[in-house]
Amino acid sequence: MTASAWGLALVTSNDSPTLGVIYKLVEVEIGGEVRSAAKFSVAKVTYPGRKQVYRFSHPDGSFANDIIGFGGKRIPWCEMLLETVMIGGKRSVPRTDLSAASQRCLQQRARLPEPARSLKEESPPYPVRRSARLEGLLEEVRRRVQHAARI
């Protein structure tokens with residue numbers, strides 16, 4: 001049986017470093033069959049399936065919007081934000097240099113629209129939406145769960 005989960009939180013303090021993890025099952029494989037899983041509570045909806053975040057940019061290079069969709073599909077005119085870093089419990093990519101990560105963060109921040117950089121409450125949020133296919137799978141899983149509950 002294999003499972004895919006999404007969600008990780010890192011919490012540290014000087015005197016007691018810890019790693020807090022939020023595990024949300026989104027897919028499970030049993031006997032070669034892959035089944036999507038989801039959570040439906042209003043405050044904590046979990047979308048099923050493996051995901052990817054696709055970032056679209058304007059011609060000038062500034063960020064336009066993100067779409068959360070299914071992973072694996074390459075779209076040539078956008079950047080894929082999520083990458084595999086662990087396989088079988090082992091690191092699959094070299095460790096990122098802290099100064100390089102800091103520089104990349106500053107470069108990426110500069111490409112955000114000004115309202116998103118300002119962090120003012122009245123500013124419109126950076127546009128992020130879920131793909132129609134992802135929304136459809138959530139409804140499909142919801143129907144499957146509701147049907148199973150009636151049986």
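Q: What share of the contacts in the protein with a separation of 6 or more comes from residues 24 or more positions apart?
A: Those residues account for 42% of them. A contact means heavy atoms within 4.5 Å.

Q: What kind of model is this?
A: It is a predicted model, where local features need pLDDT of at least 70, side-chain atom pairs count only at pLDDT 80 or more, and totals for chains, interfaces and linings use all residues. Residues are numbered from 1 along each chain as its sequence is written, and side-chain values use heavy atoms, with hydrogens and water left out.

Q: What is the average pLDDT of the protein?
A: The average is 83, and 85% of the residues score at least 70. pLDDT is the predictor's confidence in each residue, from 0 to 100.

Q: Where does pLDDT stay under 50?
A: Over residues 5-9. The model has 16 contacts beyond four places in sequence for that stretch. Where pLDDT is low, the predicted coordinates should not be read in detail.

Q: New topic. How many helices and strands are there?
A: The protein has 3 helices and 9 strands. Both are DSSP runs numbered from the N terminus: helices are H or I with at least four residues, strands are E with at least two. Along the sequence the pattern reads β-β-β-β-β-β-β-β-α-α-β-α.

Q: How many salt bridges are in the whole structure?
A: A search finds 4. A salt bridge is a side-chain nitrogen of Lys or Arg within 4 Å of a carboxyl oxygen of Asp or Glu. Side chains of opposite charge can pair when their charged atoms come close.

Q: Which residue does arginine 55 pair with?
A: Aspartate 66, with the closest N and O atoms 2.8 Å apart. Arginine 55 is in strand E4 (residues 51-57) and aspartate 66 in strand E5 (residues 63-70), so the pair ties together parts 11 residues apart in sequence.

Q: Is arginine 55 buried or exposed?
A: Arginine 55 is buried, at 13% relative accessible area. Aspartate 66 is buried too, at 5%. Buried means under 20% relative accessible area, exposed over 50%, partly exposed in between (1.4 Å probe, protein chains only). Buried residues make up 23% of the 151 residues in the protein.

Q: And what does arginine 104 form a salt bridge with?
A: Glutamate 79, at 3.6 Å between the closest N and O atoms. Arginine 104 sits in helix H1 (residues 98-110) and glutamate 79 in strand E6 (residues 79-80), so this pair ties together parts 25 residues apart in sequence. Arginine 104 is partly exposed at 47% relative accessibility. Glutamate 79 is partly exposed at 26%.

Q: What does glutamine 108 contact, leaving aside neighbours within four places in sequence?
A: Arg55, Phe63 and Glu79. Glutamine 108 lies in helix H1. Glutamine 108 is buried, at 16% relative accessible area.

Q: Where do arginine 117 and glutamate 114 lie?
A: Both lie in helix H2 (residues 114-118), 3 residues apart, about one turn of the helix. Arginine 117 is partly exposed at 24%, and glutamate 114 is partly exposed at 46%.
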